[in-house]
Amino acid sequence: MSELDGTDSQDGEGQPKVFIYRIQQRKGLPTLHGEILAENEADAERQLRLKLLAPTLPPHVNLVEKAEVDAAERAAKSRNLRMLLDILRSHHDWLRGAGGERADFTGRNLSGLKLPRLDLSMANLAGCDFSGADLSESKLQGANLAGCNLAGANFEDADLGGADLSDANLKGSNLSGANLDGADLWRANLMGVEVAPEVLHRALSCRHPGSNQPLE
């Protein structure tokens, strides 16, 4: 108990909590969502009824404490990170010819992750979401990045030699100091990309449409 206010300073009892609500409306109508500051779940339900001017809560209401949502998201991120590390260890063994297995992250959401100095050479990353991710100084030679969302990603000093970047979204990404020799940039979105002009010219000049093979 706090000597000043009589509250328990350790467990936060009596302190207001943030509750998140989502209400699925009839087909064709948008989902209602928002936050409520309440003492407990019963108080949050009461406030939500007042907000909706309804005697009872409508069906398909999801009301949960924000702290629980945050904890679940942290746990999910931790599981994903452990899975990522396991796949990377196996991929490195595969690259060294010591067993293991080629990394396959097809279609995974890896947005915003900090992954500098990784060796993802020859990895299958097709359709991944790497938007806002940090892949600076990483090795991505021969990697399959076809159709990836790489918007705002950091590839500074990364090696993308021979990588398949066809149909990739590179809008606003940082490719300064990156190696793009032999990369396939067919139909890639290069709007706002930070890259040396000679590097981009060399990459665009050595391919023909839809092919990952150099011009003869």
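Predicted model: local features only at pLDDT ≥ 70, side-chain atom pairs only at ≥ 80, totals over all residues.
Q: Why is His91 called buried?
A: The relative accessibility of His91 is 0%. Buried means under 20% relative accessible area (exposed is over 50%, partly exposed in between, with a 1.4 Å probe and protein chains only), so His91 counts as buried.

Q: What makes the pair formed by the side chain of His91 and the backbone oxygen of Ser121 a polar contact?
A: A polar atom of the His91 side chain lies 2.8 Å from the backbone oxygen of Ser121. The limit for such a pair of N or O atoms is 3.5 Å, and one must be able to donate a hydrogen and the other to accept it.

Q: Which residues line the largest cavity?
A: The lining consists of Leu84, Leu88, Phe105, Leu110, Leu115, Leu118 and Leu120. Each is a lining residue because it has an atom within 4 Å of a point on a 1 Å grid where a 1.4 Å probe fits but cannot get out. About 30 Å³ of space lies in this cavity, and a search of the whole structure finds one cavity of 30 Å³ or more.

Q: How many residues of each class line the largest cavity?
A: Seven are nonpolar, none polar and none charged. Leu and Phe are nonpolar because both are in the list Ala, Val, Leu, Ile, Met, Phe, Trp, Tyr, Cys and Pro.

Q: Which residues have the most contacts inside the largest nonpolar core?
A: They are Leu120, Leu125, Phe130, Leu145, Leu150, Phe155 and Leu180, in a core of 37 residues. H2 and helix H3 (197-205) are the elements that give two or more residues to this core. Apart from it lies another core, of eight residues, including Phe19, Tyr21, Ile36 and Ala38. Each set is called a core because its buried nonpolar residues are joined through side-chain atoms within 4.5 Å.

Q: Where does His91 lie?
A: His91 lies in helix H2 (residues 66-95), and a helix is a DSSP run (H or I) of at least four residues.

Conventions:
Residues numbered from 1 in each chain as written. Heavy atoms only, no water. 1 Å grid on protein atoms, 1.4 Å probe; cavity = no way out; pocket = protein on both sides within 12 Å on 5 of 7 lines; lining within 4 Å. Points joined across faces, edges and corners; volume = space filled by probe spheres on them.
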